[in-house]
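This briefing describes the structure shown below, grouped by topic.

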Amino acid sequence: MKLKLATMAVAGLMAAGPVLADLVMPSLSFRTGPYAVGGIPLADGYADYFTLVNERDGGIGGVPVRVLECETAYNTEKGVECYEATKGEGSLLYQPFSTGITYQLIPKVTADGIALHTMGYGRTSAANGKVFSNVFNFPANYWDAASVAINYLLDENGGDIKGRKIALVYHNSAYGKEPIRTLETLAEKHGFELSLLPVDHPGQEQKSQWLQIRREKPDTVLMWGWGVMNQVAIQEAANIRYPMENFIGVWWSGAEADVIPVGAAANGYKALTMNGVGKNFPIYDDLQKYVYDAGKSAGAGDQSGTVLYSRTIYAGFLAHMAILKAQEMHGVADITQAMMVDGMENLVITNEMMEKYGVTGMGPEFAVSCENHGGPGLGAVTQWDAAAGVWNQISEFKASDKEVIDALIEEDSMAFAAENNIDLRCN
Amino acid sequence: MFYREAGDFSTTYAEDQQTFPIKFDRYRYYLVLFIAIVVVPFVVNDYWVNSLLLPFLIYAIAAIGLNILVGYCGQVSLGTGGFMAVGAYSCYKFMTGVDIWWGGELLFRLPEFNIFFSVIMGGVMTALVGVLFGLPSLRIKGFYLAVATLAAQFFLVWLFNRVSWFYNYSASGQINAPERDLMGILITGPSTEPWAAYLFCLFFTIVCAVIARNLTRGASGRKWMAIRDMDIAAEIIGVNPLKAKLTAFAVSSFFVGISGALFFSVYLGAVEVGEAFGITKSFLVLFMIIIGGLGSIFGSFAGAAFLVLLPVALKVVGVDWLGWPTDIVAHLQLVIVGGLIVIFLIAEPHGIAQLWRVAKEKLRLWPFPH
């Protein structure tokens, strides 16, 4: 612990040392490789949000934001290289959008005293702030997603899903395996049958899994997919004529790029979401005026308004609010890495703030605390309308089964704390 | 003028048979060792160690291992990624204490091994697995053997994904290296000082290279090369193919296992078998030895350096200096590295090691080439 404090102090000093007056936001993007289809809108949205902040407000608290992009190709080795290359520049907040890279970074950011925000991905038990001091995963996590999906099915079926067959098609990696424990616990609680169908990286080969689905005819198929795996799964589902309205993807399997290649056959496919979808947010007017019309959009500029683009707009907004909070708490505009962690930990999101920055309804109101780094865990269900080419939100934002999830989080995070000799915080 | 035997007299057999018989060469070697051991640890930072030096050293060990099998013994292997995974998972099990179950009950649990011995055990277990998968090499050759080792690659990755015992039943299926120290100095975990991690890997690299060098120029190396050049002739002159091939598999897998163990415990700290030890890893190490030079220890280092450092160098030039978009640079990187591999194979099929040999020949004649 002493060593950790010392390194944190050194990291803080190093960040405070040079008088570079800018707020560095690293963006570990993946615009290449099999996951680029998701990585491009994510990287574009994040970059455009901070371009907007710089153009419209002149930065945050008067200090311009510099987005430092580094290409990882969703590869953990390159992710580590990117982290090491960018952390020395005073990077405030890492958002890798990759569960594999998140697992690499959790111990590293904790030792270096830098904040890590994994919104709806990464290690779910990081929601326990007592154990994970520098990692945040608000507003919702994978286990929330699993529970929201089951709750949705409960609502659809009048509260009884006993004996129903539910299949989980998942990316055979840390990401895809995350919901299994929760689903198994929920299966016991609600009495449904769960079958597991792993798909290996990168996910182009799914014939056998869908053959099995065709044979077993599960009532519902859940999917934890990412990148090229999503398109292939939806195509395979269409090929075996699986009813699309019974096919529900997690929030990383519900973007335009996943369904458009399948065409009309993808109509009715459902996916969860943790942020509002569509382009009906006032912030898009600002983006149009300050970013797109000024020719400053990131990448090819063709991702505006897509699901994943909006998600990183929302991620950018949350980071923006955390920086404001840190500036307010410490009374300095050019905040350090340690101050950013404070800002994240004391972040409060209210409807007034969302209204002020043009993202009304994009996410819930919530407050982060020392103990709770996970937020409220709300999720909604969206459905793809192939004719109109839009995702429609078909349910309200609803809470997950916190009773089940909190117990699982407690168990997993305590195991991690014991394994790594971590002293509990927030006492 | 500098690089020549003239005036360098050996008075004992031992002197005559040393690895670097030429004085200039020997001093250059000592200088490289001196800089690597004494100077580098004082000047490196996190970035240099974690992004360049550790991957270079670790891939160099893997390349030496594969070079023994492919370059010296002529047995093509595409299972390097799988064997590295064996090293990594054995290292993890030994550093967290191997638990043996029987009929649903915990029979006993080995004490946690020190990180140093965990890495060694990673090598030992991989050597055993390597011998097992090397058995078919007695009956099948060439491309067929390549396919058999490819099966090893897929089987091992599947195994480590499927059997949760290997990752201590963690929900995510990942293995995470806990903090471990060697004589009070942290070697694994996030608080490790960069120099400690560097020296730990450097130690293994030097020892592996010295062992490999001496094995390959001794009796066993000659047997391997005899098998490589013509196995029937080798058998007729009295080389036992069973022994030669299996020792090559064992020694090669031992080194590959050590590199896998270091790759997981010291370099990454957390791995996921499909992503870290997939088929691409096997090809990467194979490219390293092809570009570096088959049948050369120096070539293994050169190949590892080429494929580890070049992408980073291109990224620094493209993104940091020229300010190009990151995706363009990433694509260019693939094009340039791929192009260079093709050019190398056409212009210098024997790899970078051959360039080095030619340079030494030129030095020998310089300044009066005839």
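Helices (DSSP runs of H or I with at least four residues) and strands (DSSP runs of E with at least two) are numbered from the N terminus. The model is predicted: local features need pLDDT of at least 70, side-chain atom pairs count only at pLDDT 80 or more, and totals for chains, interfaces and linings use all residues. Residues are numbered from 1 along each chain as its sequence is written, while chains are lettered from A and ligands numbered from 1 in the order in which they are written.

**Confidence**

- The complex receives an ipTM of 0.85 and a pTM of 0.89 from the predictor.
- For pLDDT, the predictor's confidence in each residue on a scale from 0 to 100, the mean of chain B is 88, and 99% of the residues of chain B reach 70 or more.
- Chain A has a mean pLDDT of 88, with 95% of its residues at 70 or more.
- Residues 8–19 of chain A have a pLDDT below 50, and this stretch has 13 contacts in the model beyond near neighbours in sequence. Two residues are in contact if their C-beta atoms, placed from the backbone, lie within 7 Å.
- Where pLDDT is low, the predicted coordinates should not be read in detail.

**Interface between the chains**

- The interface brings 34 residues of chain A into contact with 28 residues of chain B.
- On the side of chain A that touches chain B, two or more residues come from each of helix H1 (2–16), strand E2 (65–71), helix H3 (76–87), helix H4 (99–112), helix H6 (174–190) and helix H14 (402–419) of chain A.
- H4(A) gives the most to this side, with seven residues.
- By class, this side of chain A has nine nonpolar, 12 polar and 13 charged residues. Ala, Val, Leu, Ile, Met, Phe, Trp, Tyr, Cys and Pro count as nonpolar, Asp, Glu, Lys and Arg as charged, and the others, Gly among them, as polar.

**Helix packing in chain B**

- Helix H12 (residues 279–292) and helix H13 (residues 297–321) of chain B have axes that come within 7 Å and cross at roughly 120°. H12(B) is therefore oblique to H13(B).
- Axes are lines fitted to C-alpha atoms, for helices over the stretch in contact, and angles run from 0 to 180 degrees between N-to-C directions. Angles under 35 degrees count as roughly parallel, over 145 as roughly antiparallel, 65 to 115 as roughly perpendicular and the rest as oblique.
- H12(B) and H13(B) form a right-handed crossing. A crossing is right-handed if the near helix is turned clockwise from the far one by less than a right angle, and left-handed if anticlockwise.
- Residues of H12(B) that meet H13(B) include B:Leu284, B:Phe287 and B:Met288, and their partners in H13(B) include B:Ala302, B:Phe306 and B:Leu307. By class, this contact of H12(B) with H13(B) has nine nonpolar, four polar and no charged residues.
- Helix H4 (residues 80–96) and helix H10 (residues 241–268) of chain B also have axes that come within 7 Å, crossing at roughly 60°. H4(B) and H10(B) are therefore oblique to each other, and the crossing is right-handed.
- Among the residues making the contact are B:Phe83, B:Met84 and B:Tyr92 of H4(B) and B:Val256, B:Phe263 and B:Phe264 of H10(B). The contact of H4(B) with H10(B) has 13 nonpolar, seven polar and no charged residues.

**Helix packing in chain A**

- The axes of helix H11 (residues 307–330) and helix H12 (residues 337–345) of chain A come within 7 Å and cross at roughly 110°. This makes H11(A) roughly perpendicular to H12(A).
- The contact includes A:Lys325 and A:Met329 of H11(A), and A:Met340 and A:Asp342 of H12(A). By class, seven nonpolar, two polar and two charged residues take part in the contact of H11(A) with H12(A).

**Backbone features**

- Most residues other than glycine have a negative phi, and most peptide bonds are trans.
- The peptide bond from A:Phe138 to A:Pro139 is cis, with omega near 0°; A:Pro139 lies in the loop between strand E5 (135–136) and helix H5 (142–156) of chain A.
- The peptide bond from A:His201 to A:Pro202 is also cis, with omega near -5°, and A:Pro202 lies in the loop between strand E7 (193–199) and helix H7 (207–216) of chain A.
- A:Ala73, in the loop between E2 and H3 of chain A, has a positive phi of about 55° although it is not a glycine. A:Ala73 is buried because 22 other C-beta atoms lie within 10 Å. A residue is buried if 20 or more other C-beta atoms lie within 10 Å of its own, exposed if 12 or fewer, and partly exposed in between, with C-beta atoms placed from the backbone.
- B:Tyr169 has a positive phi near 60° and lies in the loop between helix H6 (143–162) and strand E3 (175–176) of chain B. With 10 other C-beta atoms within 10 Å, B:Tyr169 is exposed.
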